[in-house]
Amino acid sequence: MSIGPVDIFAAWPQRWQYLTLAAALAGDERPDPARALTLLLSDIAHPRTVHDSFRAMIDEGRFDEAEQLFLEVISQPGVTGAPADLNQLEDELDNARASAIAQARREWSELERRATAVGLGAQSPEPVIEAAGSALPWAQQLITARTAEIRVAEKNLGEKLEARLRERRAELPEGPGLEIWADTIGRALRTYEFDSATVLLDHDPEHIFGDDPLTVPSIPWRWPWPDRPVPEVLDWYTSRWTAPGPEFARFRPAAADSDAARLIAAIEAATTSPGSETVAELSEAVAQLIGVDVADGPYPDGDGIAVDLNGPHDDRLPSLASLTGRVSLWVATNPGSSEKSCPPVSNRLILWFRPTMKIAPVERGDIAVLDVSTLLRLVAPTANGQVSAVRTRRINLLRVLVPQWDPTLFLGESLRLDEVSNPPRNQLAWLLDLFALEPDATMLDGLLQDYGPSPQVLARLIDVLVSHTRAGAKGRRVTTADVDRAASEHRAHLRDAALAPFSDDPMAEATLWVLLLCSDSDDPASTEELIAGFSEHGLHLQGLPKRVVDRLINPASIASAIDKLAGAGLVRRHGAGFGLSTSGLAALLHDDLEENMRRRVPGLVDRMAQTIQESDAATAAAWGPQITHLIGHRVDNDVISIVDKLDRCTAAVTDEQVRTELGQLRTLIQSIGGGQFTELYNSALDPPRSVEVTDLVQTLVASVEWHLPPKMRIEYVPESRCAALANPTLLRESIRNLIVNSARILAKSAESQQHGLEVAVSTVAAATPRSVRMRGDAVVIEVSDTGPGFSVKHLAYARTVAEHGTDMPFISDDEGRGLRLTANLLRSFHGMLEIGNGCGRLAGACVRIWLCRANL
């Protein structure tokens, strides 16, 4: 076996002085001799520390080499220059690799959509994902090769459809709509809307008019004579022989277009002598042209006159509230001061009519300028000389006005697409069309798949895209590259938009960061993994009390956080686990993941801990004395039962020494304090949650049997497993209190040995009639006995306490304290007491605890 120079380099002890070369040699695929020599010379010319080399490998996407370097750093004591914080280096590598995988997955998903549209078979993403995790340049090579393959297929399909268009056009007779039909198909092919082009080719021209933006023909985008005076231009419409030539025929309205004739006359009057009458006529002419009503006016408004129109809405997007309200048409009263006058600030959108031939946008987001050339282009005939439909004119006017207004007036903080009225893809296409943007098919599909689930991100991303649109300009085509560029340049802004819904819920945001660290789309994270992830990733939980950590991080809090994240579109279920809803959002949030974890999460955990401590303080202030009394009641019950048994033992023995020791034991037990019940007190402050009632009651019944007098029996009648909303500690002690007190009262009766207790659990459906004021599904815990029942006096008191009283006095000598405490504490989690005689499963006294039913 021959030994080459690369083998010599790989065994060279001093190779780690040349870090780039050493990392390449340590990988699975060694470089060839020329590459090894190049790396050696580069390391000699540009010596770097381990930290610098590691960072450079990460920046270049050489993750396997960076990992090998890391392993050598921690295993080779002779390697110098290693940074002190190796954990930070490892985190940087893990985050960079995860971000690269998320980005590669998103790009490949987009390519597969394009491949499907042109009939190419789908390819598994696994090779590109595996390559991205090892070396990003390899993944880029795979993506580039797939892109080239798809572009060839798109080109071939486009050429076939263009040839078919030429054939169909030659077959069809000249007639109305032919030019528009052909132009629409051409636009569909330019934007890769191959399905739309195929559908249009399958139908005759008269069937193309629908709601697709491509099928709403545009007005001429350019006015050829922007420098001609307004009076001269208007004269062209009344004196045929003064027109500038054949080119003007494209703009001359059809003879039957009475709406256009009225508008032109109104423009002339409003530009020469603006006043209430002429402005009113101009407003009515515009309203008639676009099919809306005049709502109010004319009325003086600052330096001009205003008329309110009912909004020029786009019926394709009924959810855009800004276009369904009123819009003010404003005209300056002094034409000479038109350039200096400006509409006053209003609470509605403003159309500023200016007697010029050029749009001169103003720096106010509530104003759109309506110039003479725009109105004249609006009344131009269709390509075949016909009168444009009212709806077409309204949409074309909006295409000119909407890009001038502030996009946030339409987008708001979030953009929710109504999936009931129309497909989200159509709505998104129409919205971009209003902003004079012409999306291609891959851009629409990619935008929806990558960012559609998050209304906040979608709104901000469209805001960025439309901000580059020049007001009044011809529709600008936007592609996937534009979206990627916008997402890259405004990543922090978009990330903040995604997190905005959780500004008041730090647990949801913290869970999102942990989910990013714990899962990917192929291996989603379970609830147990998320709980472990909080501690594993060092989220500053160590300094908090255990009960606070348990309150913060538990299945219920994780489930609540996941529900909020899912409601905002960021998370969805993957089998039994959870993951980011789209690869686009994952790539967006993965960027700078480590930095965000260090910067955001400690503050989030502190906020959560502070909220819990403040909640506990408030709960303790409101319920502390009652909780203390309830716990004291339990201590009293236990001590009394033990003392009673000791007294019986003492009476049964004759040995004085034993009797003395029993007496000392009795005294010691009676002196038990409450310090050991601190944990019980703290748990009683926790907020209510879903509690499995059946097992809780069964365990409790078994634990209190020793309290009962001799030969007194207690039975438990279980229900199928059910859960209720409660604090488990308060519920357990309330039931214990009812059982023990009932047993003590029965023990005082003459026939105590013939009496018994029964505890039952049942569920009550929402529609079932009931004697308590509680709605919805309920769980009922019933304690009944065979005794004589409550006396008239005690029953009246007990029912009043159960229904009303938190401040009622005790009956006598603290009698009734336990019942009042139980009723008050049950109210803290919306529970109720029901008191009666002979209404339970046994014939004596009956107390029922009613609780709101919860999910198991």
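Author: In this predicted model, α6 (86–117), α18 (441–451) and α20 (480–489) each supply at least two residues of the lining of the second largest cavity. The greatest contribution is that of α18, which provides five residues. The lining consists of Arg 106, Glu 110, Thr 442, Met 443, Gly 446, Leu 447, Asp 450, Thr 480, Val 483 and Asp 484. Sorted by class, these comprise four charged, three polar and three nonpolar residues.

As to its extent, the second largest cavity holds about 40 Å³ of space. The model has two cavities of 30 Å³ or more.

One of the lining residues, Asp 450, leads on to another part of the chain. The backbone oxygen of Asp 450 is reached by the side chain of Thr 582, at 2.6 Å. Thr 582 is situated in the loop that runs between β9 (577–580) and α26 (583–590). With a relative accessible area of 10%, Thr 582 counts as buried, because that value falls under the 20% limit for a buried residue. When neighbours within four places in sequence are left aside, the contacts of Thr 582 are with Gln 449, Asp 450 and Pro 453.

Note on methods:
Residues are numbered from 1 along each chain as its sequence is written. This is a predicted model: local features need pLDDT of at least 70, side-chain atom pairs count only at pLDDT 80 or more; totals for chains, interfaces and linings use all residues. Side-chain values use heavy atoms; hydrogens and water are left out. On a 1 Å grid over the protein atoms alone, a cavity is a set of points where a 1.4 Å probe fits but cannot get out, and a pocket is an open set with protein on both sides within 12 Å along at least five of seven lines; lining residues have an atom within 4 Å of a point. Grid points are joined across faces, edges and corners, and a volume is the space filled by probe spheres set on the points. Helices (H or I, at least four residues) and strands (E, at least two) are DSSP runs, numbered from the N terminus. Ala, Val, Leu, Ile, Met, Phe, Trp, Tyr, Cys and Pro count as nonpolar, Asp, Glu, Lys and Arg as charged, and the others, Gly among them, as polar. Buried means under 20% relative accessible area, exposed over 50%, partly exposed in between (1.4 Å probe, protein chains only). A polar contact is a pair of N or O atoms within 3.5 Å; within protein, one must be able to donate a hydrogen and the other to accept it, and residues adjacent in sequence count only if both atoms are side-chain atoms. Contact means heavy atoms within 4.5 Å.
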